[in-house]
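Dear colleague,

I am passing on the structure we spoke about, and below it you will find my notes on what came out of the analysis. Please read them alongside the coordinates.

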Amino acid sequence: MSADSRIEAITKRIVERSKPTREVYLDRTRRAISKGVHRSTLSCGNLAHGFAVCSPSDKAALAGDVVPNLGIITAYNDMLSAHQPFETYPALIRQAAAEAGGVAQVAGGVPAMCDGVTQGQPGMELSLFSRDAIAMAAAIGLSHNMFDAAVYLGVCDKIVPGLMIAALTFGHLPSVFIPAGPMTTGLPNDEKSRIRQLYAEGKVGRAELLEAESKSYHGPGTCTFYGTANSNQMLMEIMGFHLPGASFINPGTPLRDALTKEATKRALAITALGNEFTPAGEMIDERSIVNGVVGLHATGGSTNHTLHLIAMARAGGIQLTWQDISDLSDIVPLLARVYPNGLADVNHFHAAGGMGFLIKQLLKAGYVHDDVRTVYGQGLAAYTIDPKLAEDGTVSREPASEVSADPKVLSTIDKPFQSNGGLKMLTGNLGKGVIKISAVKPERHVIEAPAIVFHDQQELQDAFKAGKLEKDFIAVVRFQGPKANGMPELHRLTPPLGVLQDRGFKVALVTDGRMSGASGKVPAAIHVTPEAVDGGPIARIKDGDIIRLDAIAGTLEVLVGAAELASRDNATTDLDANEFGMGRELFASFRRIAGPADQGASVLF
Ligand SMILES: O=C(O)[C@H](O)[C@@H](O)[C@H](O)[C@H](O)COP(=O)(O)O
Ligand code: SF4
């Protein structure tokens with residue numbers, strides 16, 4: 001089925017815009033492909049080092065260039081509940097590779113930060129930069145050049161984007177992403193947030209808060225809210241880097257292990273040594289990227305992808321813009337209500353029909369391109385399935401239902417929860433920004449109130465505790481951009497602003513920083529660019545200025561005359577404290593060269 005004409009038109013304009021960079025990218029990728037199986041270009045010394053620890057049979061296999069060798073890039077560590085299961089994956093992958101007549105080696109590890117552990121802490125100022133550091137670290141592993149394909153073990157926020165940048169940089173290799181799946185459901189996310197607001201109001205102590213948090217985050221697997229990590233899983237599936245149905249199967253289950261083994265065998269089957277060669281750089285094209293953006297809107301995905309998807313696309317020579325994302329938002333309806341866009345979690349989403357049901361609905365409406373290549377073969381329709389464990393312990397796939405098993409969580413194209421997607425671009429005399437409206441009540445889509453300016457999130461929290469914010473206001477939290485302090489998530493502002501909003505005040509946030517994918521209920525104009533430290537207009541806002549945030553019209557304005565605004569000096573602030581400590585001194589060059597938010601806030605492009 002062909003895509004909706006509006007989707008086709010946006011795809012075509014991305015193709016046109018990207019032509020110069022996409023042609024250079026494809027030429028480089030095809031030249032790398034033409035060099036053939038790369039082990040054969042290594043000298044004996046290189047090769048001997050490369051397989052020194054292998055078994056004699058694997059050495060024999062790798063000495064030639066007819067047995068495929070899989071490079072594993074792993075983001076395993078014990079800090080992310082979502083990545084802890086990867087500890088045992090290399091052994092399972094090696095076993096599956098051997099069963100398929102191939103070899104698998106861990107090419108290298110990459111760092112992975114848990115944004116939940118660093119939220120509100122100095123470490124969060126390394127978070128965004130860790131995406132590009134992960135891409136660089138993966139490249140170091142793959143540069144051993146021993147591999148016919150790669151598998152990537154990563155789930156969370158900056159890790160999958162960084163790994164995809166690497167996969168497209170090594171676009172001559174087939175790449176399969178292997179997830180670990182969501183944590184089982186614990187304390188409901190809205191109950192966790194209620195306890196947090198009580199703690200912010202001083203009505204419960206740390207013991208009650210820690211008990212609630214520990215019941216919410218209680219075991220291996222991805223946190224169950226629909227934040228950036230689970231948005232990543234949705235993206236990897238709808239863009240064709242996952243096997244169909246792989247995203248939301250819990251860790252430590254037979255089906256999870258069956259999917260991991262199947263992904264390993266599939267990666268070995270799509271190398272240049274077989275008949276289905278599927279190099280990542282040719283597999284992913286503008287249609288895949290548009291399918292990813294559509295999936296983001298249809299599920300109410302993370303605002304962080306207005307940064308990451310742009311950087312991921314650029315790695316493949318594709319130029320995606322906020323205007324593209326915003327225009328797609330006007331077309332694609334919201335079909336999922338998963339926290340913070342609702343009360344359900346990703347386990348409920350999967351039980352209601354999950355990715356197979358969602359993709360079936362989007363294909364039916366023509367909102368996604370079916371004519372795409374994936375690691376599974378040709379066509380997105382192959383992903384309209386429900387994964388099951390077969391009698392023989394392998395994966396079987398049944399057609400996805402036409403009917404949602406829980407219409408309150410996952411709905412159909414003809415009964416969407418919202419007529420448009422979650423992410424809007426905002427423009428006006430403060431520059432550009434983005435807002436996620438899928439989690440904000442309609443009566444709060446337009447907010448006009450006096451500004452109160454803060455230069456860090458602790459100042460706002462202190463003002464809240466001192467009772468100074470019991471009023472209608474728009475919090476302007478500036479000097480939070482990539483060049484200022486690494487563009488941390490300001491998710492710790494959600495509880496105090498949520499309390500004030502629940503008390504009936506009109507509140508909103510305007511910042512050149514970021515929010516968590518788990519942030520939602522308070523209207524927030526984020527990623528404002530140009531950032532304050534670059535002299536953006538956000539640096540000229542004064543306390544008391546009236547600001548109007550209009551998510552319907554897509555505007556963000558300070559209601560001050562142009563001459564008056566231009567005549568003002570840019571505010572400055574002392575960022576010395578952000579230059580050192582917790583490793584921030586090692587990222588000074590990243591802060592100096594980071595690109596603007598609307599181009600992915602990257603140090604790589
Ligand atoms: O973008 C995201 O999804 C967030 O970065 C998320 O990964 C982060 O861990 C949140 O901080 C978790 O939410 P809480 O902090 O509310 O637990
Ligand atoms: S979803 Fe966020 S909090 Fe949960 S493990 Fe991943 S990074 Fe950490």
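How do the residues of the shell around ligand 1 divide into nonpolar, polar and charged? Before the answer, please keep in mind that this is a predicted model. The shell around ligand 1 holds 3 nonpolar residues, 8 polar ones and 6 charged ones.

Ligand 1

There are 17 residues around ligand 1, and those that come nearest are Asp157, Arg196, Tyr217, Thr228 and Gly517. Arg196 also makes a polar approach through its side chain, where an N or O atom is 2.4 Å from an oxygen atom of ligand 1. Taken alone, ligand 1 exposes 400 Å², of which the protein buries 94%. As for secondary structure, the elements that contribute two or more residues to the shell around ligand 1 are α5 (115-118) and α8 (189-200).

Ligand 2

The surroundings of ligand 2 consist of Ser81, Ala82, Cys114, Asp115, Gly116, Cys156, Asp157, Cys223 and Ala229. Sorted by class, this shell has 5 nonpolar, 2 polar and 2 charged residues. Asp157, listed here around ligand 2, is also among the residues that come nearest to ligand 1.

Annotated domain

An unreviewed UniProt entry places the feature "domain: Dihydroxy-acid/6-phosphogluconate dehydratase N-terminal" at residues 68-381. Over residues 68-381 the chain is 48% helix and 8% strand, with the end C-alpha atoms 28 Å apart.

Aromatic pairs

A search of the whole structure finds 9 aromatic pairs. In one of them, the rings of Tyr217 and Phe225 have centres 6.3 Å apart and planes at 80°, and the pair is therefore edge-to-face. Tyr217, one of the residues that come nearest to ligand 1, counts as partly exposed because its relative accessibility is 29%, whereas Phe225, at 15% relative accessibility, counts as buried. The rings of Phe587 and Phe590 have their centres 5.2 Å apart and their planes at 85°, so this pair is edge-to-face as well. Phe587 is buried, with a relative accessible area of 17%, and Phe590 is buried with a value of 13%, the cut-off for buried being under 20%. Together with Phe129, Phe587 and Phe590 form one aromatic cluster.

Terms used: Residues are numbered from 1 along each chain as its sequence is written. Chains are lettered from A and ligands numbered from 1 in the order in which they are written. This is a predicted model: local features need pLDDT of at least 70, side-chain atom pairs count only at pLDDT 80 or more; totals for chains, interfaces and linings use all residues. Side-chain values use heavy atoms; hydrogens and water are left out. A residue is near a molecule or strand if one of its heavy atoms lies within 4 Å of it. A polar contact is a pair of N or O atoms within 3.5 Å; within protein, one must be able to donate a hydrogen and the other to accept it, and residues adjacent in sequence count only if both atoms are side-chain atoms. Accessible areas come from the Shrake-Rupley method with a 1.4 Å probe; for residues, only the protein chains shown count as cover. Helices (H or I, at least four residues) and strands (E, at least two) are DSSP runs, numbered from the N terminus. Ala, Val, Leu, Ile, Met, Phe, Trp, Tyr, Cys and Pro count as nonpolar, Asp, Glu, Lys and Arg as charged, and the others, Gly among them, as polar. UniProt positions are given in the numbering used here, feature names are shortened, and annotations may be inferred rather than shown by experiment. Rings of Phe, Tyr and Trp (its six-membered ring) pair if their centres lie within 6.5 Å; planes under 30 degrees apart count as stacked, over 60 as edge-to-face and the rest as tilted. Buried means under 20% relative accessible area, exposed over 50%, partly exposed in between (1.4 Å probe, protein chains only).
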